[in-house]
Amino acid sequence: MRANPRHGSRRPVLGPQGADAATDAVWPPLTRRAAIATGAVAALSGLSWPAGAQAGPLPVSEVAPGHFVHYGAHQMTDAGNAGDIANCGFVVGRSGVAVIDSGGSPAVGRRLLQAVRRTTDRPIRYLINTHMHPDHVFGNVALRTAGDDGAVAIVGHARLEAALRARSDTYLGQLKARVGPTAAKRARFYQTDIAVEATRQLDLGDRTLELTAWPTAHTNNDLSVLDPTTGTFWAGDLVFRTRVPAVDGSVLGWLDVLERLRARPASTILPGHGRAASSWAAALDDQQRYLRALVSGVRAVLDDFGTIEQAVATAGRSEAGRWALFEQYHARNVTTAYAELEWN
């Protein structure tokens, strides 16, 4: 675990520079007063909404005592949903709140903050990013100065910050194209204040959250959050339900991690996409079937010295119709698996 003791003075890692470009320079410390003056926290004070985006607090459900989740839509990011396509939420403890993921745009992050404020007046202590994907981190700008003293510690996998640096230009470009230039200008990536290399505990007073950094699976920076008090497990995108899994790390590594998850005690499993599950079988059976079909289909093509095009046309096609957004993501999954399995 690596922690930055200066998390009260938040420094964006990456963000727009000038009109709408991204830079990989680390900005100087940004005080709350300066942030408000420059509009970096304008999400807290009346941002105009992207065309088609909804206003008001995100709807949340209390799925376990103190655990509130917002379910994202099974859609591709666009201006209409403003990137509200992934699950996010928060845990309320006696001494404060931990937010888990922040949504796919500054507007979604603002609505999540409103949901927290509507639920509790306890201070936000931590903002936990379960991994690097934009639908889970682009709301960070609305939350990172939302603590009583402006100091919300950003928590992530030890590899999260480097992964965001590597893709910042791509992610900001996608946000601009899909949600709009205003969202891209307001979005920011930040330094990780508490970087989890293996495990880490966060104290919320009457409960302790147990964080685990996983080896490469969905991505190379997946982080889970367990509350042993209630048996609630926030899996991030290690777990997909209804929406087709997206392979951006290692399909073999992911299958291994899923087996390890089954050994973890949990009574409520919150996936990164899809509804909560009350057992690991309900949470994982369909996903494991999909990933195994993907692996076996690609291996069959490789065994016949087939091409990647042949793999895309045949591997895992038995899963079509069982998953939302299958056609949008499956071919990419096959391509990623082919590159991995060609040498394994």
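By class, the lining of the second largest cavity has six nonpolar, four polar and one charged residues. Here Ala, Val, Leu, Ile, Met, Phe, Trp, Tyr, Cys and Pro count as nonpolar, Asp, Glu, Lys and Arg as charged, and the others, Gly among them, as polar. This is a predicted model: local features need pLDDT of at least 70, side-chain atom pairs count only at pLDDT 80 or more, and totals for chains, interfaces and linings use all residues. Residues are numbered from 1 along each chain as its sequence is written, and side-chain values use heavy atoms, with hydrogens and water left out.

**Cavities**

- A cavity is a set of points on a 1 Å grid, over the protein atoms alone, where a 1.4 Å probe fits but cannot get out; lining residues have an atom within 4 Å of a point.
- Two cavities of 30 Å³ or more are counted.
- A volume is the space filled by probe spheres set on the points, with grid points joined across faces, edges and corners.
- The second largest cavity has about 40 Å³.
- Its lining includes Asn 129, Val 137, Ile 154, Arg 188 and Phe 189.
- H4 and strand S10 (189–190) each give two or more residues to this lining.
- Helices (H or I, at least four residues) and strands (E, at least two) are DSSP runs, numbered from the N terminus.
- The largest cavity holds about 60 Å³ of space.
- Among the residues lining the largest cavity are Val 69, Asp 101, Trp 234, Ala 235, Leu 270 and Pro 271.
- S15 and S16 are the elements that give two or more residues to the lining of the largest cavity.
- That lining has seven nonpolar, four polar and one charged residues.

**Largest pocket**

- A pocket is an open set of grid points with protein on both sides within 12 Å along at least five of seven lines.
- The largest pocket contains about 520 Å³ of space.
- It is lined by 27 residues, and His 133, Pro 134, Gln 174, Tyr 329 and Arg 332 lie nearest its centre.
- Helix H3 (134–137), helix H4 (160–178), S15 and helix H9 (326–341) each give two or more residues to the lining.
- H4 gives the largest share, six residues.
- The pocket lining has 11 nonpolar, nine polar and seven charged residues.

**Sheet**

- Five strands form an open sheet in the order S12-S13-S14-S15-S16, with mixed pairing.
- Strand S12 (199–203) and strand S16 (268–273) stand at the edges; each has a single partner strand, so one side of each lacks a neighbour in the sheet.
- From one strand to the next, the twist averages 25°.
- Strands S14 (residues 223–227) and S15 (residues 232–240) run antiparallel and are joined by three bridges; two strands pair if DSSP finds at least two bridges between them.
- Leu 226 stands opposite Phe 233 in S15.
- Helix H7 (residues 280–303) packs on the sheet and touches S15 and S16; contact means heavy atoms within 4.5 Å.
- The direction of H7 makes about 5° with that of S15.

**Helix crossing**

- The axes of helix H6 (residues 251–262) and H9 come within 9 Å and cross at roughly 95°.
- H6 is therefore roughly perpendicular to H9; angles of 65 to 115 degrees count as such, under 35 as roughly parallel, over 145 as roughly antiparallel and the rest as oblique.
- Axes are lines fitted to C-alpha atoms, for helices over the stretch in contact, and angles run from 0 to 180 degrees between N-to-C directions.
- Val 251, Leu 252 and Gly 253 of H6 meet Ala 337, Glu 340 and Leu 341 of H9.
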